Each structure stands twice: as C-alpha cells, then as structure tokens.
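Biologist: Can we go through this model together? I'd like to start with the pockets.

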Amino acid sequence: MIVQLADKHTNLTAIAAILKQLRPQFSLKHIEKQIKKQMLNDYQIAYIEKDNEILCVAGFVIGEKLAWGKHVYVDDFVSNEEHRSYGAGRAMMKWIKKYAQDNNCQQLHLDSGVQRYMAHKFYLREGFIIASHHFSISPL
C-alpha cells in the first residue's frame with residue numbers, strides 16, 4: 001500500500017468523507033475547510049487510496065516541545081469503516097513512524113477518545129503506551 005501526502009491538488013472532499021467517520025459532528029464542507037486552514041500551519045494529511053477509494057487517513061503535525069523534543073503528533077487517524085482489517089491502518093502507522101524518524105523526531109504522540117476501545121487495541125499492538133491522561137475543559 002502506498003501512502004501519499006495531500007497537497008492543494010488533492011481531492012480533499014474524498015478525504016473529508018473518511019475523516020467524517022471519525023468526527024461525525026462536522027459537515028463535509030466544514031472538515032474540508034478546516035483541513036485547508038490547518039494546512040497553512042503545517043498540518044499534513046497522509047492517505048492510502050486503492051481503486052479510487054480512500055482506505056485510511058492520518059492528519060498530523062511535526063512539533064517541538066520541552067517535554068517531548070521534536071515529535072510527530074497525530075491529530076486524526078481513521079481507517080475507512082468499509083475497509084477495516086485489510087492492513088491499511090497498519091501500513092499507515094508504519095509510514096508515520098518512518099516519516100517521524102526521517103524527520104529527526106524523537107517521539108510519536110496521539111490522543112484517542114476513551115470510548116474507542118478497538119482503536120486502543122490497535123495502538124497498543126503498534127507499540128504505543130498509555131503515557132498520560134489528557135484533561136480538557138470544553139467548551140470554555
């Protein structure tokens with residue numbers, strides 16, 4: 001499976017449709033607009049496509065923090081619900097790990113909603129550990 005990075009010529013509507021599976025509270029138009037906005041601030045979208053269908057999408061940024069050093073933070077990670085368990089998620093995660101290493105990142109991070117048990121099983125299989133609790137106040 002080949003991972004591609006989205007750019008201004010990529011069909012973001014198809015990618016937004018897959019991200020909507022992860023974030024159903026947003027419209028496709030809102031997701032697409034937000035992707036474009038975040039891309040102005042170094043947000044990147046990686047995707048796997050086969051037979052003109054998006055199998056997996058990951059949105060991420062490279063950042064640097066005192067606690068983590070240079071790192072990749074995965075904001076969004078979703079395999080198309082119609083094509084799960086075919087290896088696209090694993091292929092994407094392998095690609096992200098290599099991308100992080102190739103960009104001299106020391107760590108890879110993501111947050112996952114507490115209700116997403118199957119995603120947690122996947123992340124643990126992929127070598128992640130549960131390193132902290134994430135606290136939030138929403139809305140402010």
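Biologist: What is the volume of the second largest pocket?
Modeller: About 500 Å³, as the space filled by probe spheres on grid points joined across faces, edges and corners. A pocket here is an open set of points on a 1 Å grid over the protein atoms alone, where a 1.4 Å probe fits, with protein on both sides within 12 Å along at least five of seven lines; lining residues have an atom within 4 Å of a point. This is a predicted model, where local features need pLDDT of at least 70 and side-chain atom pairs 80 or more, while totals for chains, interfaces and linings use all residues. Numbering starts from 1 along each chain as written, and side-chain values use heavy atoms, without hydrogens or water.

Biologist: Which residues lie nearest its centre?
Modeller: Ser79, Arg84, Met118, Ala119 and Phe122, out of 22 lining residues. Two or more residues each come from α1 (12-22), β4, α3 and α4, and α4 has the largest share, five residues.

Biologist: And the largest pocket, what volume does that have?
Modeller: About 1,100 Å³. Its lining has 27 residues, with Leu110, Asp111, Ser112, Gly113 and His134 nearest the centre. β4 gives the most, five residues.

Biologist: Switching to the sheet, what is the strand order?
Modeller: β1-β2-β3-β4-β5, in an open sheet with mixed pairing. β1 (3-5) and β5 (107-110) are at the edges with a single partner strand each, so one side of each lacks a neighbour in the sheet.

Biologist: How many bridges join β3 and β4?
Modeller: Strand β3 (residues 53-65) and strand β4 (residues 69-79) pair antiparallel over 10 bridges. Ile62 has Val72 in β4 as its bridge partner. Pairing takes at least two DSSP bridges; helices (H or I, at least four residues) and strands (E, at least two) are DSSP runs numbered from the N terminus.
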